[in-house]
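Try each task on the display before turning to its solution.

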Amino acid sequence: MTDVAAVKAALKTQAIETPSWAYGNSGTRFKVFTQPGVPRSPREKLDDAAKVHEFTGAAPTVALHIPWDRVDDYAALARYAEERGLRLGAINSNTFQDDDYRLGSVCHPDAAVRRKAVAHLLECVDIMDATGSRDLKLWFADGTNYPGQDDIRARQDRLAEALATVHERLGDDQRMLLEYKFFEPAFYATDVPDWGTAYAHCLKLGDKARVVVDTGHHAPGTNIEFIVATLLREGKLGGFDFNSRFYADDDLMVGAADPFQLFRIMYEVVRGGGFTPGVAFMLDQCHNIEAKIPAIIRSVMNVQEATVKALLVDRAALASAQAAGDVLAANAVLMDAYDTDVRPLLAELREEQGLDGDPVAAYHRSGWAAKTAGERVGGAQAGWGA
């Protein structure tokens, strides 16, 4: 029998971090479509994030991206977030939008460029100190496009040196989360192309270094849940960047492309003891043609639904079938949980928390979209690279 009370209790502890950049204008290489009411500043991004948390009750933190969210006073920005019922979350570095980084950043053959990149990473740790953020998230666009362009092993040495410098600077309660991506923008050899490379560097660095799994950063057919299970087993899973992909790094709403995969991932999180504050559940998405806030709310809801289904798996029955070698029975246990309509349970939980059972409908009724469209006129809208 399912212990509904236990499922609800677990869900109440889940926090899903939203990304500041998802509230601004974003798009593809071809076009960024602007929308009315898009934030013009980090504070307006936090205003929007507060609405997501208001209607979902599950998104209390907001990740920042530097320099896109650069301000003069980060402590003041943290206080602004707190006044709106939020906290500032992971600090995301940016070493891929400067002309100096054409041949890489921390892996660049020129030591002067590497020093510039490391200085930015250390600046991000300073920002963490000011905001009270726990996690520094690192993704590097570094790599090469042609055989012979640079020394592959030397680039790994340069990467290791940079990571060690930043790791040493971290405080006792701070962590670095190293992200990987198998291609793009580097097409011949990406310097952090897979979880094994990220894991190897984090293992050498020590306890403050963890791997972050971006669900859109994998080749077709990759068994992401195996990666999650392995990293949990080794104590090196730091968190997720949730999104969906059909082809490359599409950055679509999580669960849009393959909701069954999201369920399988969340089951390994639950089974592996990863449903704890030590594993950060973050969104990293590009809302190109869809309205920003409703899309983010939907993504939060999709993660919640996959989590409920994972919690509903009858693990005793599954273990029994697995031990007996009953392939079909074992698969049926998983499918029974996945096929469960968990929306009524989630609506009931939200109502018990004083929230509307349908967060998207509640947002639309709030009038926030019309209010911001009327007020946020003039100035420069936030967007990728802004």
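## Exercise 1: Helices α2 and α9

The axes of helix α2 (residues 42-56) and α9 come within 10 Å, crossing at roughly 40 degrees. The model is a predicted one.

Task. Find how α2 and α9 are oriented to each other, and which residues make the contact.

Solution. 
- Step 1. Take the crossing angle of α2 and α9, roughly 40 degrees.
- Step 2. Angles under 35 degrees count as roughly parallel, and 65 to 115 as roughly perpendicular. The two helices α2 and α9 are therefore oblique to each other.
- Step 3. For the hand of the crossing, α2 passes α9 in a right-handed way.
- Step 4. On the α2 side the contact is made by D48, V52 and T56, and on the α9 side by I293, I296, I297, V300 and Q304.
- Step 5. Sorted by class, the residues in the contact of α2 with α9 are 5 nonpolar, 2 polar and 1 charged.

## Exercise 2: Two further helix pairs

Task. Decide whether α4 and α5 are roughly parallel or roughly antiparallel, and do likewise for α10 and α11.

Solution, α4 with α5.
- Step 1. Helix α4 (residues 111-131) and helix α5 (residues 152-169) have axes that come within 10 Å and cross at roughly 25 degrees.
- Step 2. Angles under 35 degrees count as roughly parallel, and α4 and α5 are therefore roughly parallel to each other.
- Step 3. The crossing of α4 past α5 is right-handed.
- Step 4. R114, V118, L121, L122, V125, D126 and D129 of α4 make the contact with R158, A162, T165, V166 and R169 of α5.
- Step 5. The classes in the contact of α4 with α5 are 6 nonpolar, 1 polar and 5 charged residues.

Solution, α10 with α11.
- Step 1. Helix α10 (residues 315-323) packs with helix α11 (residues 327-338) at an angle of about 160 degrees, and their axes are 8 Å apart.
- Step 2. Angles over 145 degrees count as roughly antiparallel, so α10 is roughly antiparallel to α11.
- Step 3. α10 and α11 have a left-handed crossing.
- Step 4. The contact is formed by A317, L318, A321 and Q322 of α10 with A329, A330, V333 and L334 of α11.
- Step 5. The contact of α10 with α11 has 7 nonpolar residues, 1 polar residue and no charged residues.

## Exercise 3: Residues in loops

Task. Locate S105, C107 and N288. Are S105, C107 and N288 buried or exposed?

Solution. 
- Step 1. S105 has its place in the loop between β3 (87-92) and α4. C107 is found in the loop between β3 and α4. N288 lies in the loop between β10 (280-283) and α9 (292-312).
- Step 2. Buried means under 20% relative accessible area. S105, at 0%, is buried; C107, at 1%, is buried; N288, at 13%, counts as buried.
- Step 3. List the contacts, leaving aside neighbours within four places in sequence. S105 is in contact with T95, V113, R114, A117, F140 and D142. C107 touches R114, D142, D150, R155, R158, L159 and D191. N288 touches S26, G27, T28, K31, F33 and Q35.

## Exercise 4: A residue in α9

Task. Describe the setting of E305, which lies in helix α9.

Solution. 
- Step 1. The relative accessibility of E305 is 18%, so E305 counts as buried.
- Step 2. Beyond its neighbours within four places in sequence, E305 is in contact with R298, V342, R343 and L346.
- Step 3. E305 and Y363 are 58 residues apart along the chain, and 19 Å separates their C-alpha atoms.

## Exercise 5: The nonpolar cores

Task. Which residues of the largest nonpolar core touch the most other members, and which element gives the most to this core?

Solution. 
- Step 1. The largest nonpolar core has 99 residues, of which V106, F240, F242 and F281 touch the most other members.
- Step 2. α9 gives the most to this core, with 10 residues.
- Step 3. Take F240 as a case. Its contacts, neighbours within four places in sequence left aside, are V212, V213, V228, I265, V269, V279, A280, F281 and M282.
- Step 4. There is also a second, separate core of 8 residues, including A63, W68, A90 and A280.

Conventions. Residues are numbered from 1 along each chain as its sequence is written. This is a predicted model: local features need pLDDT of at least 70, side-chain atom pairs count only at pLDDT 80 or more; totals for chains, interfaces and linings use all residues. Side-chain values use heavy atoms; hydrogens and water are left out. Axes are lines fitted to C-alpha atoms, for helices over the stretch in contact, and angles run from 0 to 180 degrees between N-to-C directions. Helices (H or I, at least four residues) and strands (E, at least two) are DSSP runs, numbered from the N terminus. A crossing is left-handed if the near helix is turned anticlockwise from the far one by less than a right angle, and right-handed if clockwise. Contact means heavy atoms within 4.5 Å. Ala, Val, Leu, Ile, Met, Phe, Trp, Tyr, Cys and Pro count as nonpolar, Asp, Glu, Lys and Arg as charged, and the others, Gly among them, as polar. Buried means under 20% relative accessible area, exposed over 50%, partly exposed in between (1.4 Å probe, protein chains only). A nonpolar core is a set of buried Ala, Val, Leu, Ile, Met, Phe, Trp, Tyr and Cys residues joined through side-chain atoms within 4.5 Å.
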